[in-house]
Amino acid sequence: MIARLNLLALSLSCLLVTSSFAAGGWQEEWDKLAAAAKKEGRLNLAAPRGDQRRQALTETFEKKYGVQIEYSGFGGPELTPRVQRERQGGVYAWDVFIAGTSTLIRGLRPIGALEPIEPNLILPDVKDPKSWRGGELPFFDKERIGLSMLRRAGQYLYINSNLVKLEEFKSWKELLNPRWKGKILIGRDPRLSGYGQSTFGFFYIHKELGTEFIKKLVQQDLKMIQDDGTASKWIAQGQYPICICSDIQMDRYIQEGLPVKAVPGGQLKEGTNVTSAFANVSKATRGPHPNAAKLYVNWVLSREAGLLFSKATGDPSLRADVPNDHVEPWAIPQPGWPITNTEEAIKIEEPLVVLLKQLLGE
């Protein structure tokens, strides 16, 4: 009996020492990494536009770790050509990318600009599947080049409430009403990566919409531009009654009391897509500040950064320990709505773009 107790005590002692060593191991690694990052002193970050997003993704990190972030805002279609030109000229300018999955998977991954993110993860709460909604780390591709940080119900359908009644929209098929011919504005060309393509991807895969819906929608003489700001302004001014537009400007106009309203996905019979939009992080290959980049990807995936980023965007965090009490109910995805920006979902982009080019031209 005494021997068994001694053996149990020895086993517990070993377990405690092992746990302490493991904790001390990651903490020691983390402290060394933070010191090396501070010595580098800088991080070059390509990320989404918007002051609130920039502040959430930079200010706390800079103060906490003494690393200055050079923040450059990009739209999805702009980033890949820029990086490709730089690398062809032998310039490796970026440390971390925060962008849409189409940009990362179809644009930057094929040119060797991204490395798998998993080997860079140090913080236990980041690596723990229980920290994430669904009980698994939200990798968005098979090569695990990055992780999604937020995931929201797509909100891209807006109206001018002086021209259209919100209750008129019970289905996406309302867009096919002959009264809207020539009066539907799209702020991002769906032939290019971005929310326009994601929205049409949702149409494409939805069993109640599909190819026939897209064909009929194109026959409505859509006005397509590649300028979110102009599109939002035209809707707010009443030049168009309906828009598939970015929420960035639209939300500001709504807050300012202009006659703009969002049509929530929950109001539409077919629902809406679920997307991480621009909120996906990957680490660049051959970045100029490798220690700062490794430190940053861990921090940006932490609870602290998750809460900051979620509050800045109004989108639900994929971290299970970040509450949604600041998130509008319409932004929280409902079960069964399709996720349109995983690698599997992105596979439909090629046939979708072929279809759109047939319908709209090159």
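G210 sits in helix α7, which spans residues 210-218. This is a predicted model, and its protein chain averages a pLDDT of 91. The largest nonpolar core has 68 residues, and helix α10 gives the most to this core.

- Not counting residues up to four places away in sequence, G210 touches F203 and Y204.
- F203 is also among the residues with the most contacts inside the largest nonpolar core.
- From G210 to F200 the C-alpha to C-alpha distance is 9.1 Å, with the two 10 residues apart in sequence.

**Confidence**
- A pLDDT of at least 70 is reached by 93% of the residues.
- Residues 1-22 have a pLDDT below 50.
- Where pLDDT is low, predicted coordinates should not be read in detail.

**Nonpolar cores**
- In the 68-residue core, the residues with the most contacts inside it are I98, F169, F203, Y296 and L301.
- Helix α10 (290-300) supplies 7 residues to this core.
- Leaving aside neighbours within four places in sequence, L301 is in contact with I117, L121, V126, W132, L147, M149, V281 and R319.

**Helix α10 and its packing on α2**
- Of the 11 residues of α10, 8 are buried, so the helix is largely enclosed by the rest of the structure.
- The buried set is A292, A293, L295, Y296, V297, N298, W299 and V300.
- α2 and α10 pack at an angle of about 120 degrees.
- Their axes lie 11 Å apart.
- The crossing of α2 past α10 is right-handed.
- On the α2 side, the meeting residues are A56, L57, T60, F61 and Y65.
- On the α10 side, they are A292, L295, Y296, W299 and V300.

**Helix α9**
- α9 covers residues 247-255, and D247, M250 and Y253 in this helix are buried.
- Seen down the axis of α9, the buried residues fall within an arc of 130 degrees, so they line one face of the helix.
- Helices α2 (51-65) and α8 (228-237) are among the elements that these buried residues pack against.
- The strands they pack against include β6 (152-153), β7 (157-160), β10 (242-244) and β11 (260-262).

**Positive phi angles**
- G257 follows α9 and has a positive phi, near 85 degrees.
- Most residues other than glycine have a negative phi.
- A277 has a positive phi, near 50 degrees, and is a residue other than glycine.
- The loop between β12 (274-275) and β13 (280-284) holds A277.
- R286, also other than glycine, has a positive phi near 55 degrees.
- R286 is found in the loop between β13 and α10.
- The relative accessibility of R286 is 58%, over the 50% limit, so this arginine counts as exposed.

Methods: Residues are numbered from 1 along each chain as its sequence is written. This is a predicted model: local features need pLDDT of at least 70, side-chain atom pairs count only at pLDDT 80 or more; totals for chains, interfaces and linings use all residues. Side-chain values use heavy atoms; hydrogens and water are left out. Buried means under 20% relative accessible area, exposed over 50%, partly exposed in between (1.4 Å probe, protein chains only). Helices (H or I, at least four residues) and strands (E, at least two) are DSSP runs, numbered from the N terminus. The arc is that of the directions from the helix axis to the C-beta atoms. Contact means heavy atoms within 4.5 Å. pLDDT is the predictor's confidence in each residue, from 0 to 100. A nonpolar core is a set of buried Ala, Val, Leu, Ile, Met, Phe, Trp, Tyr and Cys residues joined through side-chain atoms within 4.5 Å. Axes are lines fitted to C-alpha atoms, for helices over the stretch in contact, and angles run from 0 to 180 degrees between N-to-C directions. A crossing is left-handed if the near helix is turned anticlockwise from the far one by less than a right angle, and right-handed if clockwise.
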